[in-house]
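Biologist: I'd like to learn how to read a structure like this one. Could you walk me through it, feature by feature?

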Amino acid sequence: MKSIQTDQDTLLIQSIRTNNESASFKELFDKYRPLVNKATKRYHFRFLETEDLIQEARIVCYQAALSYNISGNVSFGKFFQQSLFNRYCSLLRKESAKKRMGDKYAESFEKILETQGDFSPKEILPFPDSLAIILAKEVVLSMTDGMSEFEYTIFNLLAFEHYTPERICQDLNFSRTKVNRAMSRCRAKLVARFENT
């Protein structure tokens, strides 16, 4: 025998399906808002704000209302919860992939700093795809926007002129500590730039 809560959910879902009733959807979503709040605290996103996650939950709730099997044995609450967890897990995977790409570029930049060998796109870029190479070059060339003049000078000498840190210290008459700190800031800014593209 169905519970009163299930009957209420069924009425709201039917209203959403037949009349595309926004008031019914709002009532259904508000009813499960504590579940949404719990889910947003359960997952830790780096690039998404709480309001973004709530908006994702609204989309999932609407899709769940349309696809939920009213005559099935699973309650709408459980169905929505599982759908929401699946969506958040999917977003986390995408976010992790984005972060890993930024880390790959950071490792590539570190390789430049360590080896100072001849520039080889296959060695430095994580994938040889021509579009990716063009996009990567655009990002690298746009780095002037976020760097100080000193940082960009160091970055340019390392990445494009293939100077060693020692040569930079000697030619520009800077201490190794100052150059190392600039290199570290450049690396962090490069990672952030790739993560945001």
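Biologist: Let me start with a single residue. Is Ser24 buried or exposed?

Modeller: Keep in mind that this is a predicted model. To sort a residue, look at its relative accessibility: buried means under 20%. Ser24 has a value of 10%, so it counts as buried.

Biologist: Where does Ser24 lie, and what is it in contact with?

Modeller: Ser24 is part of helix H2. Skip its neighbours within four places in sequence, and the contacts of Ser24 are Leu12, Ser15 and Ile16.

Biologist: Which other residues of H2 are buried?

Modeller: The buried set of H2 is made up of Ser24, Phe25, Leu28 and Phe29. Now look down the helix axis: those buried residues of H2 fall within an arc of 130°, so they line one face of the helix. Ser22 and Lys26, on the other side of H2, are exposed.

Biologist: Let's turn to aromatic rings. How do I read a pair of them?

Modeller: Two things describe a pair of aromatic rings: the distance of the centres and the angle of the planes. Searching the whole structure gives eight aromatic pairs. Take Phe25 and Tyr62: their ring centres are 5.9 Å apart and their planes are at 80°, so this pair is edge-to-face.

Biologist: Which parts does the pair of Phe25 and Tyr62 tie together?

Modeller: Phe25 sits in helix H2 and Tyr62 in helix H4, so the pair links parts that are 37 residues apart in sequence. As for accessibility, Phe25 counts as buried because its value is 16%, while Tyr62, at 29%, counts as partly exposed.

Biologist: Can you show me another pair?

Modeller: With ring centres 5.7 Å apart and planes at 65°, the pair is edge-to-face. Tyr32 lies in the loop between H2 and H3, and Phe76 in helix H5, so this pair ties together parts 44 residues apart in sequence. Tyr32 counts as buried at 8% relative accessibility, and Phe76 is buried too, with a relative accessible area of 2%.

Biologist: Which residues form an aromatic cluster with Tyr32 and Phe76?

Modeller: One aromatic cluster is formed by Tyr32, Tyr68, Phe76, Phe79 and Phe80.

Biologist: And what does Phe76 touch?

Modeller: Leave out residues up to four places away in sequence, and Phe76 touches Asp9, Ile13, Leu28, Tyr32, Cys61, Ala64, Ala65 and Tyr68.

Biologist: Now for the nonpolar core. How many residues does the largest one have?

Modeller: The idea is to follow buried nonpolar residues that are joined through their side chains. The largest nonpolar core here has 27 residues, and those with the most contacts inside it are Leu28, Phe29, Val36, Phe76, Phe80, Leu84 and Tyr88. At least two residues of this core come from each of helix H1 (4-19), helix H2 (22-31), helix H3 (33-42), helix H4 (50-67) and helix H5 (76-115). H4 supplies the largest share, seven residues. Another core lies apart from this one; that core has ten residues, including Ile154, Leu157, Val179 and Met183.

Biologist: Where is Ser184 found, and how far apart are Ser184 and Glu151?

Modeller: Ser184 belongs to helix H10 and, at 45% relative accessibility, counts as partly exposed. In sequence, Ser184 and Glu151 are 33 residues apart; in space, their C-alpha atoms are 9.5 Å apart.

Biologist: Let's step back to the whole protein. How many helices and strands are there?

Modeller: The protein has ten helices and zero strands. Of its 197 residues, 38% count as buried. Take the contacts between residues at least 6 apart in sequence: 65% of them join residues at least 24 apart. Finally, the accessible surface of the protein is about 12,200 Å², with 52% belonging to carbon and sulfur atoms.

Key: Residues numbered from 1 in each chain as written. Predicted model: local features only at pLDDT ≥ 70, side-chain atom pairs only at ≥ 80, totals over all residues. Heavy atoms only, no water. Core = buried A, V, L, I, M, F, W, Y, C linked by side-chain atoms within 4.5 Å. Buried < 20%, exposed > 50% of the residue type's maximum accessible area, 1.4 Å probe, protein only. Helix = DSSP H or I, 4+ residues; strand = E, 2+ residues; numbered from the N terminus. Contact = heavy atoms within 4.5 Å. Phe/Tyr/Trp six-rings, centres within 6.5 Å; stacked < 30°, edge-to-face > 60°. Arc of directions from axis to C-beta. Areas by Shrake-Rupley, 256 points an atom, 1.4 Å probe, with all protein chains shown as cover.
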